[in-house]
Amino acid sequence: MIIKCPYCGPRDVIEFTYQGDATRKRPEPLSNDPDVWNAYVYDRSNPSGLHREFWLHSGGCRQHLVVTRDMTTHAISSVAFARDIASGGQA
Amino acid sequence: MTSSRLPRGGRVERSKSVRFTFDGKAYSGHPGDTLASALLASGITLFGRSFKYHRPRGVFAAGSDEPNALVTVLSGDVREPNVRATELEIHDGLVTQSQNRFPSLDHDFMAINQLAGPLFSAGFYYKTFMGPAIGPLRGTRFWMFCEKFIRRAAGLGKAGTAPDPDRYERMNAWCDVLVVGSGPAGLIAAEAAAGTGARVIIAEERPLPGGSLLASAETIDGRDPSVWAREKAAALAAMPNVRFLTRTSVWGYYDGNVLTAIEHVSDFKPNRTKGQPRQRHWIIRTGKTILATGAFERPMVFPGNDCPGVMLADAVRRFALEYGVAAGSNVTLFTNNDSAYEAARALSLAGVNIVAIVDVRADVSGACRDIATAANAELLTGHAVTGTHAGKTLSSITVQHFNAETCRVSGAPREIRTDCLGVSGGWSPAIHLASQAGGKPEWDEDLQAFLPPEPNQNWVVTGAAAGYMDTISVLSDAATKGSAKSRLILPPVEAPMLDASPAPVFQIEPSAKSQKAFVDFQHDVTADDVRLAYREGFHSVEHLKRYTTLGMATDQGKTSNVPGLAIMADARGISIPEAGTTRFRPPFTPVSFGALAGERYGDLRPHRLTPMHDWHLANGAKMYEAGLWHRPMIYGSHGETVEQAYVREARAVRQSVGIVDVSTLGKIDIQGPDAAELLDRVYTNMFSTLPVGKARYGLMLREDGLAFDDGTTWRLGETQFLMTTTTANAGPVMQHLEYYLDCIWPELRVHLTSVTDVWAGTAVAGPKARALLEACVTGTKVDNDTLPFMGIVHSKIEGVPVMVCRLSFSGELAYEVYCGSGYGTRVWEALLTAGKPFDVMPYGLEALGTLRIEKGHVTGAEIDGRASAHDLHLDWMLSKKKPFIGSAMLGREGLKDENRLSLVGLVSLDNQAITGGSHIVTDARPREPADSFGHVTAACYSPALGKYIALALVKHGTSMIGNRAFATDLLRGRHCPVEIVSHHMYDPEGSRMHG
Amino acid sequence: MAELQSPIGSAYVTGDHGNAAGGVGVTIRERIGLSIIQITAWSDTIPEVLTAIGSATGLVLQNKPGLGRVAGEKSVFGFAPGRYFVVAATPELELRLRSVISADLATIIDLTHGRTVIRVSGPDAEWVLSKLFAIDFSEHAFPIAYGRATLHHDIHANIQHIDDETFDLYVFRTFARSFWKTLGHAAEEVGYKVE
């Protein structure tokens, strides 16, 4: 598999570390609602079709990327810096 | 002699000879021969014994699709089994052996298995190894006893046990276009693609380019097609944007247009130049892939179709045209399509005698008739082969009338004397790579074959692989597929007008009395096995494959796939496309483990050395590998055991002073205006309140509330911290911090850099540690006021800038001295010199571990991913003033459960060692499985206490203190009576390190 | 100050090695006496930081992924957003950079002790390095003077393309000896010289 890193360009999957579901949103730190936290920590969606995942370019620029990937074909439709998305940008 | 070298023809170098052995006997061939062609030229037609029944088998194909002629290549102590004789290039000194026979190929005891035929039918293993369900042996292990012998009888070559001395390499490549195959389609597609300036890699499985052109009686551009191919290939190879790899088999097609290939760099050579690998594993990342992989001829399934002398018609042609070898002196062909006539024409031109052509079709074209006449071969249309007669090789065949519409045999059998039968059951495009890439193959009625699927990645299929079976349409298809912009002028081709579409006949169904009809030669799967699988309810092709093992041998069903499906479809009364096909999976051809491992093992895998590594080695350190790191275990003196050495070292630390290399600790530089805020969020305790020039011990949890890592973090400036992590968690902690900064808290202005390699670290520990530092540190005092507990000073040792932090893992008065790695050894030696008056002693990991066990300090053995801060008595570090990672989950039920394991100490009551990993039980000799209520995480002999001690995680830990139990180790048979004590086993008040 | 101890140690054997038949495919050597300073700009200060690096070193860069410059012993290249290596044979490089780059523009860290710089040059440099790294070394994918962050055997490394047939490899010091041996092993096929 090849992931096209927005900084480094196309790189082999061996350079990346999978960092999980990118659709979760971390609850407010002061929240102590156990259900909300439980859902965040343990529940993962496993859609057939498009999914958003975090991949760390650990063997390159060491940025976390949000990769949109089709779970049935493995085709990657977009890659963006996670930081940009977390700051309010869109993939 | 049945097979022999023809007086002329082939591309072997007849002027030179090559000597080799097969089953201990010497033979010779010519450069350019394969083992198969050279042995056939020497009259050898028996190559091996079959998998289950030990039936005699000969060569069946002429390339990578060979199912039968597998041999073992011997080189010194090394044996490589299951090498296809049809691909093995001979060289002087090559030693080969036939397989699956005992004691010899000609006299094989296990051939008796043939008599037990019905016993070994489909599902044999599943039925047999369940053990007898009834009878006197029910419930016994009798079947286990039998299994040994049965498994020994069945099988392919034996793997060697000697280490593989050969060298393998990995190669990474990137290109715009990868062309797989260099037959007519591959060459023209590559030429078209390369003409656009694209970077092109061409991978050809065989030693010579040309594919089917190497054995063609057609002409291209007025010349022998093999000459045309050689010239075309040479011109391509000379282009700067083209890399032409021969002997390179592309075996895997992965996501993102990543393909893998094995290049046989030198395994065909008697000698290798220095540094030359045997095989090179290519990982090719390509923009576009052109699959010009050709097609495999498939066999017909008929009674007795597996005896030596029966082979693919194309193989007979290739042996004659490529190697100048007649596979028989009187050849018969058996076909359901026109391509066998082209083979007959080529063979006849090459000087091979054709006796007859048996065709299942009622009528054939004029072109076919003309060829039969010209070859002086009897043409038997509407006939089929219904039996063979063979000892070690074919002597005659039986033919009968056959109706291709009803697939019924009729009439009296007629015997034809022949020593080689070339069979053609039509052609299957080599769609393996496209299928691996994930597409669903499509059935083509005309070709009676699966065509490649619609591309799901950027690939195209061209030539015979795409279903074009005549050279003219292959060339024009390849030019367009190579590049849409291609303006290549295609060469003229002269070829007879033949039609590759076969009659839809796959099998000549055996009568009750006839011989076995094989579908998968390598796994000995017969047509009857397929029908049995159907009767027993295994209808889906995936079940058929697993139940009968059809297509699961090293040839991955290259010849057996379609005939097997056809027979199943016939049994179910449905069409072949309705039955469907299995998905091909990598590898396309067998790949050696060596090639996959490449250089990533032994000395060549990464080793991580501290700056003082050479000093440790020069001073008697016994090293061990902790992850990738090499660390001193002990510094041994002669005659000392490991235990004596670490006890001596640990005692020196408690009594005077010792130094230990702690460079392996993970170190992360954390800088930026929000650095303190980040630490407050990731550590359970507060760091924003830490003054500059002080360090603090910190604990991190995971989001689920369990302990993750611990270490000290030093505040070097208002906005700069140096975080230390455990050695093992350096990478994970870095990733953890990066994750939160990138994905959760992008608003924090913090930069992280791993500086593990920048700093050499030495811990100086013991009552004399301060005196030692006073003797070498310049520019600052190190007294209690200047350097209090957890204080940091910047100073110099021998002119080298150092940072000294007073912190203790050993429980003694202790310091960590950090300097630039390039000065690590220098500072280490300066510390030793300064400590000489105090008999300073370097100590290794064993002593380090002993000191921390005595103190009850935790490491990765206790922070094992299941333990909470509370379990480890670290609740005091959990701030109530702020949220931190994991704080929200701390209150959940599972973490409050009173049955959780928690940290305690153990003292051995029998004065012998407690073994690591022991379980804590109440009985001295527990039954199996024991009711364990905890386990030992670390154990040692404590010189400070004069006892064997351990740390353990135990249910109801603290309330168990004072109780007795047993630490039991069923594997080692050690049952140690212990007393459960507090984990603070030595100096619980901490007066020594604060002193 | 005394010279830094090289981590390669006894594995560094000068002279010709490997297959001599085809001449010297690559020449490898450790570059010593360099200062290696890492500068990381904030996402909103990159142009200012590049200007400052230019004024301190004379090597001016545009803000483009992986871009670098080489002038003799001096070089600079980017390998992550806002992150650069500035390399020169001057011990006071860090001080000079700190004098023009204030704490609010970027963070600066001296990695001199943490990296070993290995220069690989020769007609087979690309071939040998392709055995060890999964990146595209061809000039159109990796132009001269550009930098890269990548992996050897799962270990982080940086590479700068110096000229047609020369690359500088920045490897972690603690892995340097192990990498050096692997590099020599990979180069045996084409023959190599250690300078």
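**Exercise 1. Which residues of chain B does the UniProt annotation "domain: GCVT N-terminal" cover?**

Solution. The UniProt record, an unreviewed entry, puts this annotation on residues 612-882 of chain B. UniProt positions are given in the numbering used here, feature names are shortened, and annotations may be inferred rather than shown by experiment. Next, look at the fold of the span. Residues 612-882 of chain B are 27% helix and 30% strand. Their end C-alpha atoms are 41 Å apart. Helices (H or I, at least four residues) and strands (E, at least two) are DSSP runs, numbered from the N terminus.

This is a predicted model: local features need pLDDT of at least 70, side-chain atom pairs count only at pLDDT 80 or more, and totals for chains, interfaces and linings use all residues. Residues are numbered from 1 along each chain as its sequence is written, while chains are lettered from A and ligands numbered from 1 in the order in which they are written.

**Exercise 2. Locate the feature "domain: FAD/NAD(P)-binding" in chain B and describe its span.**

Solution. UniProt, again in an unreviewed entry, places it at residues 176-438 of chain B. That span is 24% helix and 38% strand. Its end C-alpha atoms lie 21 Å apart.

**Exercise 3. Describe the contact of chain B with chain A.**

Solution. Start with the residue counts. Chain B supplies 19 residues and chain A supplies 25 residues (contact: C-beta atoms, placed from the backbone, within 7 Å). Then find the main contributor on the chain B side. Helix 19 (residues 730-744) of chain B gives the most, with 6 residues.

**Exercise 4. Trace the elements of chain A and give its extent.**

Solution. Chain A has 2 helices and 6 strands. From the N terminus, the order is β-β-β-α-β-β-β-α. The C-alpha trace of chain A spans about 40 × 25 × 25 Å along its principal axes.

**Exercise 5. Why does the radius of gyration of chain C agree with a compact globule?**

Solution. The rule is 2.2 Å times the number of residues to the power 0.38, with the radius taken over C-alpha atoms. For 195 residues, a compact globule would be near 16 Å; chain C has 17 Å, which agrees.

Key
Contact = placed C-beta atoms within 7 Å.
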